Structures are given as C-alpha cells and as structure tokens.
Amino acid sequence: MEANRIFPDPSKVREELIQKYPAKVAKKRAKSIIVNDPELIPEVQANVRTVPGIITQRGCSYAGCKGVVLGPTRDIVNIVHGPIGCSFYAWLTRRNQTRTESLMDENYIPYCFSTDMQEENIVFGGEKKLKIAIQEAYDLFHPKSIAIFSTCPVGLIGDDVHAASREMKEKFGDCNVFGFSCEGYRGVSQSAGHHIANNGVFKHMVGRNNTPSEGKFKLNLLGEYNIGGDAFEIERIFDKVGITLVSSFSGNSTVSQIENAHTADLNVILCHRSINYMGDMMETKYGIPWMKVNFVGAESTAKSLRKIAEYFGDEELKARVEEVIAEESPKVKAVIEEILPRTKGKTAMLFVGGSRAHHYQDLFNELGMTTVAAGYEFAHRDDYEGRHVLPGIKIDADSKNIEELKVVPDPELYNPRKTEAELVALKEKGLEINSYEGMMKQMTKKSLVVDDLSHYESEKLIEIYKPDIFCAGIKEKYVVQKMGIPLKQLHSYDYGGPYTGFEGAVNFYKDIDRMVNNPVWKLIKAPWEKAGNGAGLAASYVTQ
Amino acid sequence: MLLRHTSKEVKERVGLTINPAKTCQPIGAMYAALGIHGCLPHSHGSQGCCSYHRSTLTRHYKEPVMAATSSFTEGASVFGGQANLLAAIETIFSVYDPDIIAVHSTCLSETIGDDLQQITRKAKDDGKVPEGKHLIFASTPSFIGSHVTGYANMVTGIASQFAVSSGIKKNQINIIAGWMEPSDMREIKRLSSVLGVKIVLFPDTSDVLDAPQSGKHEFYPKGGTTVAELQSSGDSLSSLALGCISAEPAAIALEKCCKVPFKTLDIPIGLTATDRFIMALSQAGGVTVPDEITADRGRLVDVMADMEQYLYGKRVALFGDPDQLVPLTEFLLDLNMKPVFIVSGTPGQRFEKRMNLLLNERTPETKFRNGIGADMFLLHQWMKNEPVDLLIGNSYGKYMARDEDVPFIRFGFPILDRIGHSYFPNVGYSGGLRLVEKILNALMDRQDRDALEEKFELVM
C-alpha cells in the first residue's frame, strides 16, 4: 500500500495527465512527461514552447536576464527600457541579499529604474528618452556601471540599446554602459534571458581588470544569486577553509569583482542552467576549467568542498576541508537526528527552476524523504539527462535567435590552469569538470519527470500521489496549500533561508519539519463537517 | 541606509523614473477580471507579463491567482499573435472550462497591432467559443496610463460586452467598484443590504481573493459577479461609479449602450466620502437611511472627536492611486491632519482638479503631483527636505519609512509584507474607524517609543 502511494503506476499517471488535452496538445505534452530510469535515462522534451493557453509556471527572457542574473548586482544602475511594469515587477521581489562594506558604498538594489515608455516613445522611438535617462542616472549617482534592459516593445520598434549605450559610455568616459536585448518574447522561457545575460556580462565586464587577485586557492562562484543569504553562508565556509572567492556571479557581487573574475583558477557552478555559458566562455578564453558543485545539502556541501580541494590538489587544503567538515557536522547531525523520525518516509515533489529541482533532492534525501516526481520550469535536456546529450540537441527556431558568442583564446591572457592529463585524472576521481550529469541519474526508477509542468498537471499529480510537500514558486504556493498540502517556495524560500551549506541545511530541515508536521493541516475541516451534520454534533454534546 | 543614494536636492527628470508609484495596465485588467464569476483572465503577450501579474497579485492576496497567457515567442511577435490567441482559447475551454475568458492586451501585442476585437470575433465565428460560454476583451497597452487605467479598461469591457437592455427596468442600482479590496467590496454589499437597496456590484473579488481554506482548490471560487447579474446591469435604474478614474469609464459605457444614468462618486474612504456614498445610494434606491448606519457613522465621529489631540497638525506624506488618494486626503483633512506631500504615478487632470479643490483652502502648502515624474524618489526627496510625521502607501514605502524613521501605514497596492487588507475594509464608516485606529496606533506607538521616561504616559 505504502509503496503504491509512493509510486503509482507511472505510465498510467502519464495517461491521466494528458487525457483532458486536445489531441495535439496531448501529443506534445506526452514527450515532456517521462517515467525515469536512472540506468537508461530516457529523453525528455525540454526547452520547447509552452502551448498557448496552458497555465505555465514560466516567465520571460527579461525575467531571466534582468531578474535572475543581473538583479543581484548592487553597484550597477540597472535601467529597464520599456513601459513601467517590467521594472516594477522585478523590484526587490527576488530577495537577492547584498552586504556592502560600508554605508557609503554603492547599493542600487532597493531602487527601481525605468524609462517608463509612453505611447509617443512607442510611435516615434524611445532611444532619445533612453539616452536622457542614462544621463540623468549618471548625473544623480555617478555609478561605475549602467546596464540597459530591453523589454518587448523595444526590439519591435527598433530602438538600438547597444548603440545608445556605446554613445553614452564614450561620452562619460568613467562609466561602463552596456545593454541587453532581452525582450520578453525571445526564446521560450527565462532561459533565453540567462544566455543573453551571460553573453553581456562576458562581453562587457569580465576581463576589464587584469590586476592579479590575491590568494592561493582562487575561484569564482557561478550561478549563486544570494537569495535568502545563500551566498553569505558559502562565503563563510570558503573563508573558514581558506578559499578565496574572486567573484560571485552574481549574488553579493560587485562590478570590480566581476571585472577581475578571469584571474581565478577555477569556476564552480551551482545553477548550471543559468550560468553554464559563462563557464564555457571563460574556459575557452582564459583557460579556467569549471566544475559542477552543489552547496544545497550538508552532505553535498562536504562533497563539493572535497572536490574543490581535490581540484587544487593541495594536501593542506584537503586537511583543512576535513577539519571544517568535522567542525560543522555535529550541529547538523544533532538537528537531523532529532527531526528525521518525523520526516522519514514522507514524499516530496519539486517543480522549480533550472537546477533547484535537482539540488534540493539532496536535502530531502537527508530528511529521509523520497522525491516522487520532479521537473524544471525552464531547463534544457542537459539539465535532465546530462551534458553528454548536448551534441544531439536539435537547435530550433526559438534557440537560434539567441546569440552564441564566438569566443577564442585570449592571445595574452589564455592560461590553461590544468593540463589535459590533469583534467582527465581529476575527472576519473569523480569531479564533474566541464560536465554535469543532470537530475535524472540521481532520481529513483519509476519516479516521474515532467518538464514545464502545467497547472492542470500539478493538480492531477497531487490528487494521485498526495505528496507530503510540494516545492514550486509563488504562483503555485496558495493553489497547492488550498488543497491541504504545504508548498515550499524554492525561488523565494518563503522569505527564509539561507538553505546552502551547513547552516542552510539546518534551516531547511527545521522548515520542512515545521511545514509537514504543522497542526494546521489537520484543522481544515470544521467539527460539524467531520461529524456529518450539525445536529448530530449538538446531540453528542448534550449527552456528554 | 537602504535608499542611500537619494539626495535632498530635487532635480527635474524627464527620462528616468525612479521607484515608481504605479505599475502597468494589464495587472489591473487581470485583477478586474478575477471579480467576475467563472472567469479566467488571459494575458495576450509574452509569458512574463502573465507570470509577473499573477505573482504580484498572489503576493498581495496570498491566494491562488489563475490566469493564462498567449505565450508569445519571436515568431508571434513578427507575424502577429492571432494564431496564439486562437490556440489559447481552444486549449483553455477544453482544459480549464471557464464560463468566460477575459482577454487583455499587453505592450507587446499592442505594439505589433493585434486587434483583440477582430481576433475575438474570429474566434467566435470559427466556433471556438462553446455554446453558453463567453469571450470578452479589453485593450490595455502598458505604455498608456497605469494599472488603474487597465482596471478601468477591463471593467468597461465587462460592462459594455455583457450589459443588455431588455426595455424593462429592474429595481436595482449598479455599483461599479473602483479599484478596491475584496474586503471593501464585501463592505459595499453589506452597507447596501443594510440600506435595503438591491445592487449589482461589479467587479466583485470578495469570495475570490479571500477564499476560505477548505482542503480543495476551487479553480473558480464561489465569488464574483455572475453573467446574469452583469447582463441585467443594462436594466438597472442607475449606476454609481466609485472612482472617477477606475470606475467612471464603465458607467459611461453603460449609459451609452443601455441608457443607464450614472453618478460618479469617490471610493467611500473616510467620513465625508462615505456620507456622500450613503446619501447617493439611499437617493438612488429611494430608501431612508436606517439608524444602524447613522450609529456606525456616529461611532467614527466619536473617535475622531475623542482622539483629536493626537491627530492635529500631523504632517503626512502619501502615495498610491488617485481614486483612493483623493478620499484619503479628504479624510486626513477631516481628521485635522496635514497631508503635505502626495504622489501618484497615474496620470490624469481630474486628480489635480480634485486635489486643488480639497487642499487650496485648508493646506495650500501641500505639494502634490501625478503622472510622469511623480515617483517615490521625488516623494522621498520632499520628505528629506521637510520631514513628515507619518507615511501612508504600499509596501515599497517601508524603505523610506525606515531610512527616515517615520511611522508607516500600509495602504494601497501592492501590500506584500502584511495581511489584513483583503479581510478588513477601508471603506465605509467601519473602514474609516479601522484607518483611524491604524493612524493612532502608528503615531501613539511612536510617542511611547520616543517619550522621555518622566513623560511616558499610561493613559492616553
């Protein structure tokens, strides 16, 4: 019975999920709903258009570029060129924490900048207004950098944000101005915007400052956006271990760190989906290898630290990593031992992001909980099946529109940090160097993998599996909770966190324990509803 | 300091908006459409619009907000979005089975010139709208007006596309709700019922965006104005439009299509605006005002009189939407307070006229501004130059309030960090009482916090 609850016949589930769709839609969705087999890893249709009318979790390219990748930067004045809404909705809503060294340092995160395009700008063009806006921002703040983000109408009316940026940059001389063509209609989801952001940051920021960075073990943290303070916890651990963080992309980052990032000796990638392009481009241009790590989960954090030490190949570092793990582990262990009896055997579903649905499975494993179904909102096949499928991925019309930068080794700065032979040796030791195995390899056989889950499918899945917790975002939060099932937001963490590292693991264990065991879920039915009718209840009181 | 780059020196800006006191049209259209029973709002544009609007409304209400999107890609943006919308309509009726789809446009579909009237007609002609189901639309370009304009446009679309005139008048009054909370709409219905006037209230988001926890997700919650009610609005004796920007356009449309006369009132926030509402509704419905309502009113006036010393002369800065700010400003004046700075990102000359009428005599020193250039950055600069005792506005105000150490009351849209707005009304006399309580609590907590030990009062 219990096993059936955890894994109902997945092929039947799949049939049920698509039966209500019109035939064409059903045919398309079927390819994105896959019964997992970690040995064979079947193909998942991903990164394709959402059928119009389907209630999707997905957002747009602008959200991926401005919201996700550039949003956490604090000392860039990020001006959104477009009608007011796009800038308004991305204003402080992603919880990218940042900590300046002094109260005088630049921090524009609490601000919202927009050109607030009006009808006449749409009709006659908005470039003039954009240039005025850039000038006004420069005059008011004298920032190091100003970035321009294009919204849907900008591309359609032909405003050239790049030319406007170049012109203003030359005019100022002491302010780096650059633009992003991240109109919301590009690509099929936020993912296109990630790629566009990577290209822009690589072109306009990385490599501008060649001052050698200090430190023995120098790395960049890629795809960590410091939601709820995640990057702070990783920084704490790096400090303790003696690893130098040259730059983060982009949580708690500064312009000067990003401009100096190419002086690091390793890129570690957390969110593969949103930042893998940067890893590849920096490897090609500067010879810095990238490695997939995961700091979500205490065991995963320990594993990732060991991999980093292994990469640097330094015995002292390896010993220090072991010391830190030994120091941090007891408090984690104490908490999980206390909580585990209450969470063990429970089930979870994760439908979120382009990496989180994978990473958070580690934390649920630590809680003794099974992930019965998972999927991403905007990932590609390589995030599911592993990067080995990359050569076989068909480039469709939507992906073709996203620029692929042609990157070549820098004639002066290219310096391979490891020889080919060293890299091969490291890979043999299990380090995911320039590679990522994807989510499905880690998921159990017969678990369900669904890409771009629709609202309808989520309700069906919940009905069938009755999971103990569902992980998604704000749009799904109260829908699922109305069904009597707690929903953990894995974009905003329900305004908690951090969830990375050792302290984050403890936070997560406690939050999940609190959520799945909250008495409120047993209080939903009124006593008279349980008793069947009011009269019966009243009568029983009388006889007591 | 959170807003550490906000300087005291005010410089006129013409290109850059900083910390806007408005957002864009489509979210207002989505909110309005949720107030129709069995309706699924549909955003004709990129996925991001729909996602952002649903997210913001969800954060504000902590409730499910369902809406679909045409999921534009680059192809649709070049060749037009008709195919996407037609496909969406088919998918929505077969998967989500709403009674109504309410389509609104976005800056994207407006820029490429998609004509919603033509596309929705084609959908009907092609048989994509099942028997007994409805497809309505509103044009809501994000580059004109604000979220309030979008709300007004959708409410107008609802009125003009549903109302029919049968030729036989019904003994009922339309109340067209300006942008207000479900709690406010519930209170309007309660007041009408106490008055004994039969009304058709639309839109009505009560029992939609304040739905109870039942263990089941009701995709179409029990609330919302029904199609039958909307159709009958063409036969009503008259309409009361609550808000000249968010509600009046729908009343004008009803007058045009069904010859229903209308009167425009403020949203009944505060004593005087509620007085006008009660007078107007009792006159429209031909009823006398019952003692219950007079007693409600009396309680509010009683508190205003009893606590006047804590309110007198207090300088208030406020920002938000015009239809709420006008009656709120009037209420603050009735409370003997000084609304000194007022900002609204929503354009429109009516705001200026009303504010001039209200303020010229009583607080001629008040600075107010709306439309382009009227943003929270400007408001903050004003506050830095001439400090205030109280700030009233949406959740974004908390950054200014913290930096300037000013008591802060959340009011307007969006409220992302507190609950209450969807459950407890701001309208009517009870809403007025709630507002006074909030204002007093904020001011008196501050007095307690800052009082010297020897000046710390037990009885206040």
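## Where chains A and B meet

Visitor: In β1(B), which residue is the bridge partner of F113(A)?
Guide: This is a predicted model, where local features need pLDDT of at least 70, side-chain atom pairs count only at pLDDT 80 or more, and totals for chains, interfaces and linings use all residues. Residues are numbered from 1 along each chain as written, chains are lettered from A and ligands numbered from 1 in the order written, and side-chain values use heavy atoms, without hydrogens and water. Strand β3 (residues 113-114) of chain A runs antiparallel to β1(B), joined by 2 bridges; strands are DSSP E runs of at least two residues, helices H or I runs of at least four, numbered from the N terminus, and pairing takes at least two DSSP bridges. In β1(B), F113(A) has as its bridge partner I18(B).

Visitor: How much area do chain B and chain A bury between them?
Guide: The contact (heavy atoms within 4.5 Å) takes in 82 residues from chain A and 76 from chain B. Buried area is the accessible area (1.4 Å probe) lost when two parts are put together, summed over both. Carbon and sulfur atoms carry 62% of it, and the total is about 6800 Å².

Visitor: Which side chain of chain A meets E63(B) in a salt bridge?
Guide: The rule (a Lys or Arg side-chain nitrogen within 4 Å of an Asp or Glu carboxyl oxygen) finds 3 salt bridges across this interface. At 2.9 Å, N to O, the partner of E63(B) in a salt bridge is K482(A).
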